[in-house]
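Take a slow look at the model below before you read on.

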Amino acid sequence: MSKKFIFVLIIFITLIAGFIFINSVYLHDSIPAIKINNKSIENLPQKASLFFSPNPVIITASQSAQVNVELNSSLTDSAPKLVQLEISYDPTILYNIKIFPGNYLTKPEVVLSKIDIKTGRISYALKGAFSNPNSKMLAAITFNVINYGFQTDSQISFLPKTLM
């Protein structure tokens, strides 16, 4: 074999190895895992907690998903009729955020619905005449994940101003 052929072969192998490296590190299709903070809220009535469902949410980049805000409570006599949710999210990862009332409150009236896309904050308040004993879903949040081209995690979490 000539020296030219060996030199071209080495360059070819180096280029192929470089493309494989770039593809595996930067250009592979990823599945971002959106990890949802499932922490109970301290200022709720006794024996009640708010949580996100499902937890975690795993979606492919550029896809849409839904997370439900649910109430776990054994308080049947004093079930909440007014709920204020303060939720934070990462606006650099999640976009096209929308929030809708769930079916926990019968005939829910949206008192406050503000989504700040710059700070990543959802302020949402609902009131209803009665609570539905067959449901736990207070609200539904829909969103999309930005396609970065690499794997990333994010969180949605309750803020201290969440009240009932």
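Here is a short tour, from the whole chain down to single residues.

## Ground rules

This is a predicted model, in which local features need pLDDT of at least 70 and side-chain atom pairs count only at pLDDT 80 or more, while totals for chains, interfaces and linings use all residues. Residues are numbered from 1 along each chain as its sequence is written, and side-chain values use heavy atoms, with hydrogens and water left out.

## The whole chain

Follow the sequence and you get α-β-β-β-β-β-β-β-β-β-β-β-β.

Of the chain's 164 residues, 36% count as buried (under 20% relative accessible area; exposed is over 50%, partly exposed in between, using a 1.4 Å probe and protein chains only). Now take contacts (heavy atoms within 4.5 Å) between residues at least 6 apart in sequence: 74% of them join residues at least 24 apart.

## An aromatic pair

Searching the whole structure turns up one aromatic pair. Phe 52 and Phe 158 are stacked, at 4.3 Å centre to centre with 10° between the planes. To pair, rings of Phe, Tyr and Trp (its six-membered ring) need centres within 6.5 Å; planes under 30 degrees apart are stacked, over 60 edge-to-face, and the rest tilted.

This pair links distant parts of the chain, since Phe 52 sits in strand S2 (residues 48-53) and Phe 158 in strand S12 (residues 153-158), 106 residues apart. Both Phe 52 and Phe 158 are buried.

## Zooming in on Ser 123

Is Ser 123 buried or exposed? Its relative accessible area is 12%, so Ser 123 is buried. You'll find Ser 123 in strand S9 (residues 121-127).

Leaving aside residues up to four places away in sequence, Ser 123 touches Leu 85, Glu 86, Leu 112, Ser 113 and Lys 114. With Glu 86 there is also a side-chain to side-chain polar contact of 3.0 Å. A polar contact is a pair of N or O atoms within 3.5 Å; within protein, one must be able to donate a hydrogen and the other to accept it, and residues adjacent in sequence count only if both atoms are side-chain atoms.

Methods: Helix = DSSP H or I, 4+ residues; strand = E, 2+ residues; numbered from the N terminus.
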